[in-house]
Amino acid sequence: MEEVSPVMETPMAQPFLLERRVHQRKSTVSVLKSKLKQNVTCSGPRVRSTLTGFFPVVRWLPKYKLKEYIWGDIMSGLIVGIILVPQAIAYCLLAGVQPIYGLLTSFYANIIYFLMGTSRHVSVGIFSLMSLMVGQVVVREVFLAGFDPNEDSTPSGLVVLNDTLDTNLTDDTVLTVEVMGMQCGKECYAISVAAAVTFLAGVYQILMAVFRLGFVSVYLSGPMLDGFATGASFTILTVQAKYLLGLKIPRHQGYGTVVVTWINIFANIHKTNLCDLITSAICIAILVAGKEIQDRYKDRLKIPLPTELIVVAGATLASHFGEFNTNYHSSISGHIPTGFIPPQVPAFSLMPRVALDAIPLAVISFAFTVSLSEMFAKKNGYTVRPNQEMLAIGCCNVVPSFFHCFTTSAALAKTMVKDSTGCQTQLSSLISALVVLLVLLFFAPFFSALQKCVLACIIIVSLRGALRKFKDVPAKWRASWNDAIVWLVTMSATALISVEIGLIIGIVFSMVCIIYKTQNPKVSLLGRVSDTDLYEDLEEYKNLTPPPRIKIFRFQAPLYYANKDSFLKSLYKAVGVEPFLELTKRKKAEKKGKDMSKKQAKTNGEKNNCDVFIGLVQRELEFHTIVLDCSAIPFIDSTGMATIKGLVKEYKEIGVSTLLAGCNTLVIDILQKGQIFGNNEKNMSNYLFYTVHAAVLHANQASTAAESRSEDSTV
């Protein structure tokens with residue numbers, strides 16, 4: 001009995017439980033009242049703070065360091081403006097509208113972001129992906145309205161009444177559609193659709209900013225966005241390929257644009273315009289050579305080469321003096337008017353038709369803008385406000401939609417140019433807007449002879465960066481096969497089905513991959529590092545010693561309704577004993593023992609048979625305790641709590657203790673609500689431990705005490 005007494009004192013040696021702080025939750029009504037009081041109160045400082053929050057330019061412009069910042073901002077603004085002009089004209093091919101609207105979009109977007117943006121380096125304007133998505137909506141609605149889907153058909157404007165000839169040009173000759181009380185031809189209807197979808201996209205973004213829904217962007221993973229951009233680049237390349245050959249092919253409507261368009265191109269390849277083909281080959285060679293020189297000697301070149309502007313200027317002069325449109329029937333941009341178009345309210349009658357199309361536009365535009373602003377802010381050592389960025393890009397879409405513009409976003413290439421040419425503030429965007437303004441007021445008509453194939457070349461060469469992502473696939477696979485699969489699935493769906501469906505499939509597939517990871521997480525049995533309190537995975541590390549007769553199980557995922565079966569199966573497999581089956585075996589052994597004892601009682605006596613029966617039922621297991629290492633379980637739900645509660649009960653029935661180690665407070669709170677530790681948590685110190693080592697020590701002490709009590713009872 002003297003040897004047992006120290007063991008009886010072991011509960012005093014158990015680790016103490018930390019005392020939790022008491023958090024008093026405020027009632028919902030009081031929280032709402034305080035927030036309303038905080039946000040609705042009106043005062044001078046409050047108004048000033050709100051205005052400076054909406055217009056960050058008011059904060060930084062008075063502190064502008066003129067001598068330090070001005071030359072970098074002027075240089076970057078001029079260079080980006082020079083790059084922006086040919087791209088603004090070119091991307092109108094993707095958007096399905098006239099070139100003048102691309103210049104207007106670039107001008108207004110730069111002005112508004114200068115006033116409202118929090119990033120110092122982001123360049124907001126026309127983006128190829130946004131132009132493609134807008135163009136798909138525009139071409140679809142133009143086709144459904146009954147217009148000729150061929151982009152080179154003669155545009156029809158307002159209804160013309162020829163009073164001199166007393167002839168009324170009816171719908172048989174000129175098709176018009178009434179929009180906002182005005183008769184619109186094809187080009188008028190196209191920009192009306194683009195402005196309507198842009199207005200809705202901006203409204204969605206502003207609502208997301210007001211309700212602080214910026215967290216939506218967290219569901220757009222990096223691999224998914226990369227795959228989406230690469231797949232969309234394939235679509236852009238396909239849509240522009242017909243211009244390289246001078247083919248008059250309507251843009252395909254519906255799914256499978258890439259496949260159907262290439263089939264149509266090869267079916268009509270005998271109609272190739274040799275003038276456009278030769279021009280395209282020369283322009284692509286010059287553009288690619290310029291890009292390669294820029295990449296190779298970027299450290300020596302202080303400013304980027306204006307290759308696009310040189311190509312546009314040279315091609316325009318060649319087309320004008322060579323009369324390519326007249327002599328070789330080459331498609332040209334056509335007349336680009338100077339000045340501004342009077343503002344007009346977006347067509348509300350068209351908005352129900354494009355309401356769903358505006359959702360992916362809003363999300364992608366916001367995601368690219370915020371990700372770029374945060375990336376360059378981190379690189380240059382300042383911070384941005386994502387919610388204000390969403391509000392800024394929303395206003396860059398809502399306000400310009402009244403001035404015949406289409407959807408904008410931050411553009412990576414132009415942002416990198418700004419960063420590399422000494423940009424310090426958004427004053428550079430104002431300089432870029434002034435460059436576009438000069439073109440709008442004076443130089444726009446000079447681009448009327450510019451061939452569309454030249455614009456297509458500019459667009460296609462700008463896709464080099466996105467298409468080069470294919471070289472990164474092996475590295476992605478080595479780093480994370482899950483991310484590589486997400487990239488491939490999103491890219492394939494975007495390229496082969498459609499841009500919108502590809503976005504949805506990418507988001508859903510990314511989430512499915514995360515769910516799959518939580519349903520099939522890594523599980524392991526742990527062993528002790530010699531002479532330390534550390535326990536690690538027996539399969540991953542050498543020279544570990546598993547504690548005798550104790551199984552330490554680690555589950556590296558949340559425990560919730562979707563993976564509770566996986567948790568139980570992996571635990572049963574790891575420890576080698578399933579309590580229900582073990583209990584069933586014991587019941588069968590008990591029944592068999594009773595039957596044997598009854599048969600032998602008639603001949604040998606009942607006392608001896610009782611010993612046989614007891615020996616059959618009490619089967620010795622390889623372990624007496626399971627320690628659940630919960631340090632890698634971030635949370636559990638009610639199903640997970642019930643799973644652990646049932647696990648503790650079932651193993652207890654076969655004589656195995658279950659201890660919990662390393663639980664965070666969220667897990668502990670859920671377990672307490674499920675009364676796993678008994679009423680008033682009276683058994684909490686016997687089940688819950690802060691470290692695995694503490695649980696192992698407790699298990700050994702409890703086992704020694706139990707064996708001592710068993711020996712005493714036997715004696």
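## Overall shape

The protein has a radius of gyration of 36 Å, whereas a compact globule of 715 residues would have one near 27 Å; the radius is taken over C-alpha atoms, and the globule rule is 2.2 Å times the number of residues to the power 0.38. Its C-alpha trace spans about 130 × 65 × 55 Å along the principal axes.

This is a predicted model, in which local features need pLDDT of at least 70 and side-chain atom pairs count only at pLDDT 80 or more, while totals for chains, interfaces and linings use all residues. Residues are numbered from 1 along each chain as its sequence is written, and side-chain values use heavy atoms, with hydrogens and water left out.

## Fold and packing

You will find 30 helices and 13 strands here, as DSSP runs numbered from the N terminus (helices: H or I, at least four residues; strands: E, at least two). Of contacts (heavy atoms within 4.5 Å) between residues at least 6 apart in sequence, 81% join residues at least 24 apart.

Buried residues account for 47% of the 715, where buried means under 20% relative accessible area with a 1.4 Å probe, protein chains only.

## A closer look at Ser119

Ser119 sits in the loop between α6 (99-116) and β1 (124-125). This serine is buried, with a relative accessible area of 1%. Apart from neighbours within four places in sequence, Ser119 is in contact with Tyr113, Ser373, Tyr382, Val384, Glu389 and Gln426.

Definitions and conventions:
Buried < 20%, exposed > 50% of the residue type's maximum accessible area, 1.4 Å probe, protein only.
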